[in-house]
Amino acid sequence: MTTPDTLSAPIDLARVRSLFSRPQRMERSDFLRREIAARMHERLMLVKVAPKRVLDAGCGSGADLALLQKDYPAAHIVGLDAAAAMIEAAKTPASALKSLNQMLSRLLPGKAGVDLLCGDFGSLPFGANSVDLVWSNLALHWHPQPDRVFAEWRRVLRQDGLLMFSNFGPDTLRELRSAFAEADAAPHVLPFVDMHDFGDQLVAAGFSTPVMDMEVITVTYDTAQALLADARALGGNPLATRGRGLLGRAAWQRMLAALERQRRADGKLGLTFEVIYGHAFRPAPRVTAAGEAIIRFEPRKGR
């Protein structure tokens with residue numbers, strides 16, 4: 001049974017699925033997802049892997065699937081998302097993917113191509129040791145139990161399999177958090193998890209030598225309306241503790257005034273994104289199936 005201290009935040013997963021039930025609502029913020037995917041991809045290209053099966057955990061409308069298939073044309077790529085509407089959206093632009101799947105099935109042996117599944121990436125519909133690469137772009141912070149997610153990702157990875165992910169850190173949307181605090185006491189922005197906590201959770205889940213790094217991306221806007229529209233397009237507020245009603249006019253105006261006071265010297269409004277990148281491997285087991293310890297000895301080189 002999960003105890004409260006394992007929660008990253010009181011996230012309502014049903015609310016998350018509802019927020020992502022209209023893919024067209026998310027399109028406005030795709031520029032940021034694509035930019036972060038490109039930066040993840042640069043990191044991935046530094047690691048030499050040849051996966052047979054790749055999982056895109058939290059694939060959304062499927063933009064990263066073509067990228068992964070281009071890198072690993074002989075691999076079976078699986079896109080998984082908790083929102084059924086996102087899976088349907090991933091199928092829509094897939095006429096090109098479908099043609100490529102058919103071509104790959106003729107040219108390459110085994111299960112090459114792309115499949116799409118709807119499911120919770122904290123409870124994966126795969127057997128143990130069945131995936132070589134788990135890729136997850138800006139999805140982990142939508143799950144209330146990242147420790148459970150890491151344990152699942154380790155379970156499905158084969159020995160020496162690679163996990164590569166990105167998510168938002170605590171400074172993300174700090175301008176909005178500050179502005180909404182002027183309106184009321186309800187939480188309007190997710191309390192994103194710190195990079196070092198994720199590193200600890202990876203080690204606790206059994207990953208070896210996790211590598212974590214972070215960068216800050218600032219997007220600027222001419223108007224508060226444009227800033228708020230992009231923030232909504234990123235997903236919205238899935239907290240179970242969120243306010244249930246609309247903000248009153250006076251509270252809304254206090255929030256807008258607080259945002260306006262944050263204008264930069266160039267007259268723009270800034271919105272901060274702390275982007276966390278992580279990767280880690282599933283190590284070789286330290287004990288046999290019978291529970292016997294495995295001790296490896298490196299041969300000595302000469303004298």
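You're looking at a predicted model, where local features need pLDDT of at least 70, side-chain atom pairs count only at pLDDT 80 or more, and totals for chains, interfaces and linings use all residues. Residues are numbered from 1 along each chain as its sequence is written, and side-chain values use heavy atoms, leaving out hydrogens and water.

**Stop one: two helices.** Select α3 (residues 30-44) and α4 (residues 63-71), whose axes come within 11 Å and cross at roughly 20°. (Helices are DSSP runs of H or I, at least four residues, numbered from the N terminus; axes are lines fitted to C-alpha atoms over the stretch in contact, with angles from 0 to 180 degrees between N-to-C directions.) That makes α3 roughly parallel to α4, a label for angles under 35 degrees.

Now show R34, A37, H41 and L44 in α3, which meet A63, D64, L67, L68 and D71 in α4; contact means heavy atoms within 4.5 Å.

**Stop two: the largest pocket.** Which residues are the closest to its centre? Select F180, H188, R232, G236 and N237, five of the 32 residues in its lining. (A pocket is an open set of points on a 1 Å grid where a 1.4 Å probe fits, with protein on both sides within 12 Å along at least five of seven lines; lining residues have an atom within 4 Å of a point.) Next, colour α10 (224-233): α10 gives the most to this lining, with three residues.

**Stop three: the second largest pocket.** Pick F20, G58, C59, G60 and D81, the closest to its centre. Your helices from stop one return here, as α3 and α4 are among the elements giving two or more residues to this lining.

Key
Parallel < 35°, antiparallel > 145°, perpendicular 65-115°, else oblique.
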